[in-house]
Amino acid sequence: MTEAGTPALDEIRSVLKTVFDPEIGINIVDLGLVYDIKLEDAGKTAVIAYTLTTPACPVGPMLQAQMEQVVGTVEGIDTVKLDLVFSPPWDPREMASDEAKFELGIF
């Protein structure tokens, strides 16, 4: 994540942790689905690169709507741009947090 330690970026990461993949039951940050968060336009636009567990993930539109909603609540953020990417492909063994790996049974 770029500009780590910036209060707005920390808050964005925090609110994104309230978005859960309903099929897995773990938040999208700990799953490693959020690849990057940047601020543009003097910090008023949040640009989030993210992926899904699979390209055909049926809950993708729901996750996108939830991401836009929660990031839009961060003070100073006027615009949320979501960039759905599939490179690199999501791999929970490499991208998920230790807590998420434990919950998924990956050791």
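## Report on a predicted protein model

The protein exposes about 5,900 Å² of surface, and carbon and sulfur atoms supply 52% of this area. Such accessible areas come from the Shrake-Rupley method with a 1.4 Å probe, and for residues only the protein chains shown count as cover. The model is predicted: local features need pLDDT of at least 70, side-chain atom pairs count only at pLDDT 80 or more, and totals for chains, interfaces and linings use all residues. Residues are numbered from 1 along each chain as its sequence is written, and side-chain values use heavy atoms, with hydrogens and water left out.

### Overall form

The C-alpha atoms fill a box of roughly 40 × 30 × 25 Å along the principal axes. The radius of gyration of the protein is 13 Å, which agrees with the value near 13 Å that a compact globule of 107 residues would have. This radius is taken over C-alpha atoms, and the globule rule is 2.2 Å times the number of residues to the power 0.38. Of the 107 residues, 42% count as buried; buried means under 20% relative accessible area, exposed means over 50%, and partly exposed lies in between (1.4 Å probe, protein chains only). Among contacts with a separation of 6 or more, 64% involve residues 24 or more positions apart, where contact means heavy atoms within 4.5 Å.

### Secondary structure and the sheet

The protein contains 4 helices and 5 strands. Helices (H or I, at least four residues) and strands (E, at least two) are DSSP runs, numbered from the N terminus. From that terminus on, the elements follow the order α-β-β-β-β-α-β-α-α.

An open sheet is formed by 3 strands in the order E3-E4-E5, with mixed pairing; two strands pair if DSSP finds at least two bridges between them. Strand E3 (34-40) and strand E5 (79-84) stand at the edges, each with a single partner strand, so one side of each has no neighbour in the sheet. Neighbouring strands of the sheet are turned by 15° against each other on average, direction ignored. Axes are lines fitted to C-alpha atoms, for helices over the stretch in contact, and angles run from 0 to 180 degrees between N-to-C directions.

Strands E3 and E4 (residues 45-50) run antiparallel and are joined by 6 bridges. Helix H1 (residues 7-16) packs on the sheet, touching E3 and E4, and its direction makes about 140° with that of E3. Within the pair of strands, Glu-40 stands opposite Thr-45 in E4, while Lys-38 has Val-47 in E4 as its bridge partner. The hairpin of E3 and E4 has 4 residues between the strands, and Asp-41 there takes a positive phi near 55°.

### Residues in the loops

Asp-30 lies in the loop between strand E2 (26-27) and E3. With a relative accessible area of 18%, Asp-30 is buried. Ser-87 belongs to the loop between E5 and helix H3 and is exposed, with a relative accessible area of 62%. Val-85 is placed in the loop between E5 and helix H3 (92-95). Not counting residues up to four places away in sequence, Asp-30 touches Lys-17, Met-95, Ala-96, Ser-97 and Ala-100, and Val-85 touches Tyr-35, Tyr-50 and Thr-51.

The table lists C-alpha separations for two pairs.

| Pair | Apart along the chain | C-alpha separation |
|---|---|---|
| Val-85 and Gly-32 | 53 residues | 13 Å |
| Ser-87 and Glu-99 | 12 residues | 23 Å |
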